[in-house]
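Here is a brief report on one protein chain.

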Amino acid sequence: MPRAGLTPDAVVDAAIAVVDAGGPGALTLAAVAGRAGVATPSLYKHVRNLAELRQLVTARILDELADRLGTAAMGRSKDDAVAAMMRAYRGYVVEHPSRYGSLEQSAEGAGSAGAAAERVLGVIYAVLRGYGLDGPDLVHATRCLRSAVHGFAVLEAAGGFGLPEDLEASYERLITLFTSGFSQPRV
């Protein structure tokens, strides 16, 4: 019988707290059990193993990201929506570098992580469709957006920008470079 107060959501909460405090490498069932105040075997009533827990953590992170992106883009269109979404995406990564670092980047597929990945894609697709993109053009634009934001934000979170120029100005230039590409003919 599961311990009173311990639920799958509470296990994921504890796992995310472990990651936030100690980084992605700190995520172990023993660490999560310690954080939740239970013995490690008690977790098996809520998750099958560490791999499933990682999938649940990935799903939670992607849900948080989808919510943040959707909120940022709501009521906006085209360049304004893309800029707001890119700023929100970067903000999430910089605010939660360990959490984002624990994200399984290939979360597509079955289960809650796959569904959460689809939510993130759905928000990005909805914004980029404002430019009349569909099919392969939509996929390419999404890949470009994700690569640009991911690369910049991960480098920033890791302290990878040591030059004195203002990071905000650099990021705004990245946004402008990305959005200005929509006015160019597609190849």
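## Terms for helix packing

Axes are lines fitted to C-alpha atoms, for helices over the stretch in contact, and angles run from 0 to 180 degrees between N-to-C directions. Two packed helices are described by the angle between their axes and by the distance between those axes.

## Helices α7 and α8

The model is predicted. Helix α7 covers residues 111–128, and helix α8 covers residues 135–157. Their axes come within 10 Å and cross at roughly 115°. That makes α7 roughly perpendicular to α8, because angles of 65 to 115 degrees count as roughly perpendicular. The crossing is right-handed.

On the α7 side, Leu121, Ile124, Tyr125 and Leu128 make the contact. By class, the contact residues of α7 and α8 comprise eight nonpolar, one polar and no charged.

## Helices α4 and α5

Helix α4 spans residues 50–73, and helix α5 spans residues 78–95. The two axes come within 8 Å. They cross at roughly 145°. The crossing of α4 and α5 is right-handed.

From α4, the contact draws on Ile61, Glu64, Leu65, Arg68, Leu69, Ala72 and Ala73. From α5, it draws on Ala81, Ala84, Met85, Ala88, Tyr89, Gly91, Tyr92 and Glu95. The residues of this contact divide into eleven nonpolar, one polar and three charged.

## Overall fold

The protein has nine helices and zero strands. Along the sequence the pattern reads α-α-α-α-α-α-α-α-α. The C-alpha atoms fill a box of roughly 60 × 40 × 30 Å, taken along the principal axes.

## Two domains

The domain assignment gives domain 1 as residues 1–47 and domain 2 as residues 57–181. Taken over C-alpha atoms, the centres of domain 1 and domain 2 are separated by 28 Å.

How many residues of each domain are in contact with the other? Ten residues of domain 1 meet six residues of domain 2. The area buried between the domains is about 740 Å². Carbon and sulfur atoms give 62% of that area. Which three residues supply more than any other three of the area that domain 1 buries against domain 2? They are Ile16, Asp20 and Pro24, with 54% of that area.

Technical notes. Residues numbered from 1 in each chain as written. Predicted model: local features only at pLDDT ≥ 70, side-chain atom pairs only at ≥ 80, totals over all residues. Heavy atoms only, no water. Helix = DSSP H or I, 4+ residues; strand = E, 2+ residues; numbered from the N terminus. Parallel < 35°, antiparallel > 145°, perpendicular 65-115°, else oblique. Left-handed = near helix turned anticlockwise from the far one by under 90°. Contact = heavy atoms within 4.5 Å. Nonpolar A, V, L, I, M, F, W, Y, C, P; charged D, E, K, R; others polar. Domains from an automatic or database assignment. Buried area = accessible area lost by both parts, 1.4 Å probe.
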